[in-house]
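This briefing walks through a single chain by topic, from its packing to its charged side chains. Please keep the sequence and the structure in view while reading.

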Amino acid sequence: MILFTLRCASGHEFEAWFRDGDGFEAQQKAGEIACPHCGDAQVEKAVMAPRIGRSHDKTPALSPAQMRAALVELRRQIETNCDYVGERFAEEARRIHYHEVDPRGIYGEATSEESKELADEGISFGRIPWIPSTDA
């Protein structure tokens with residue numbers, strides 16, 4: 001596996017893992033890689049510093065069960081500490097950004113177009129995998 005730093009046409013940088021360089025090229029050509037900030041599929045490799053392995057780092061990788069548990073805990077924390085605004089997410093994010101309301105943590109849904117517009121306005125937000133909190 002290889003970690004590339006990527007950049008979309010809007011200048012957002014993010015990281016993504018690929019099996020190898022050919023895997024990146026194939027996914028890029030097919031338009032299967034999208035910027036997590038704005039959804040733009042025009043993505044290229046950014047300038048990257050080489051990663052040199054460290055022999056003293058013995059931290060094991062997270063198992064799928066550990067990753068799921070971490071995402072469930074993240075969801076719990078967000079639901080406990082933030083206001084759910086549903087499909088009004090983009091509107092509320094703007095109101096907070098432009099100081100029309102007091103700042104607070106929010107979560108909800110936004111379309112790809114709304115996400116792109118927020119990013120273009122310089123409004124910081126993140127997307128997270130929203131998995132069910134139980135196996136029901």
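A polar contact is here a pair of N or O atoms within 3.5 Å, where, within protein, one atom must be able to donate a hydrogen and the other to accept it, and where residues adjacent in sequence count only if both atoms are side-chain atoms. With that in hand, Asp 20 caps the N-terminal end of helix H1 (residues 21-29), a side-chain oxygen of Asp 20 lying 3.1 Å from the backbone nitrogen of Asp 22. The model is predicted, and the points below should be read with that in mind.

**Nonpolar core**

- The largest nonpolar core has 22 residues, and those with the most contacts inside it are Leu 6, Phe 18, Ile 33, Phe 89 and Leu 118.
- Two or more residues are given to this core by each of strand E1 (2-8), strand E2 (13-18), H3 and H4, and the largest share, four residues, comes from H3.
- Leaving aside residues up to four places away in sequence, Leu 6 touches His 12, Glu 13, Phe 14, Ala 16, Phe 18, Phe 24, Ile 33, Val 43, Glu 44, Lys 45 and Ala 46.
- As general background, nonpolar side chains in soluble globular proteins tend to be buried together.

**Helix H3 and the residue that follows it**

- Within helix H3 (residues 89-97), the buried residues are Phe 89, Ala 90, Glu 92, Ala 93 and Ile 96.
- Viewed down the axis of H3, these buried residues fall within an arc of 165°, so they line one face of the helix.
- The partners against which the buried residues of H3 pack are strand E4 (83-86), strand E5 (106-108) and helix H4 (112-120).
- Just after H3 comes His 99, which is placed in the loop between H3 and E5 and has a positive phi of about 60° although it is not a glycine.
- His 99 has a relative accessible area of 71% and is therefore exposed, the cut-off for that class being over 50%.

**Helix H1 and the loop after it**

- H1, capped at its N-terminal end by Asp 20, is followed by Gly 31, whose phi is positive, near 70°.
- Asp 40 lies in the loop between H1 and strand E3 (43-45), and its side chain reaches the backbone nitrogen of Gln 42 at 2.9 Å.
- Asp 40 is buried yet has no salt bridge, and the nearest side chain of opposite charge, that of Lys 116, is 6.0 Å away; a salt bridge would require a side-chain nitrogen of Lys or Arg within 4 Å of a carboxyl oxygen.
- Not counting residues up to four places away in sequence, Asp 40 touches Cys 8, Ala 9, Ser 10, Ile 33, Ala 34 and Cys 35.

**Salt bridges**

- The count of salt bridges comes to 11; in general, side chains of opposite charge can pair when their charged atoms come close.
- The side chains of Lys 45 and Glu 25 meet in a salt bridge (3.9 Å, N to O), a pair that links distant parts of the chain, with Lys 45 in strand E3 and Glu 25 in helix H1, 20 residues apart.
- Lys 45 counts as partly exposed because its relative accessibility is 37%, and Glu 25 counts as partly exposed at 38%.
- Glu 79 and Arg 75 form a salt bridge at 2.9 Å, N to O, and both lie in helix H2 (residues 64-81), four residues apart, about one turn of the helix.
- Within that pair, Glu 79 is partly exposed, with a relative accessible area of 36%, whereas Arg 75 is buried, with a relative accessible area of 17%.

- Glu 92, found in helix H3, forms a salt bridge with Arg 88, the closest N and O atoms being 3.7 Å apart.
- Glu 92 counts as buried because its relative accessibility is 3%, while Arg 88, at 43%, counts as partly exposed.
- Not counting residues up to four places away in sequence, Glu 92 touches Val 85, Arg 104 and Ile 106.

Methods:
Residues numbered from 1 in each chain as written. Predicted model: local features only at pLDDT ≥ 70, side-chain atom pairs only at ≥ 80, totals over all residues. Heavy atoms only, no water. Buried < 20%, exposed > 50% of the residue type's maximum accessible area, 1.4 Å probe, protein only. Arc of directions from axis to C-beta. Contact = heavy atoms within 4.5 Å. Core = buried A, V, L, I, M, F, W, Y, C linked by side-chain atoms within 4.5 Å. Lys, Arg positive; Asp, Glu negative; His and termini not counted.
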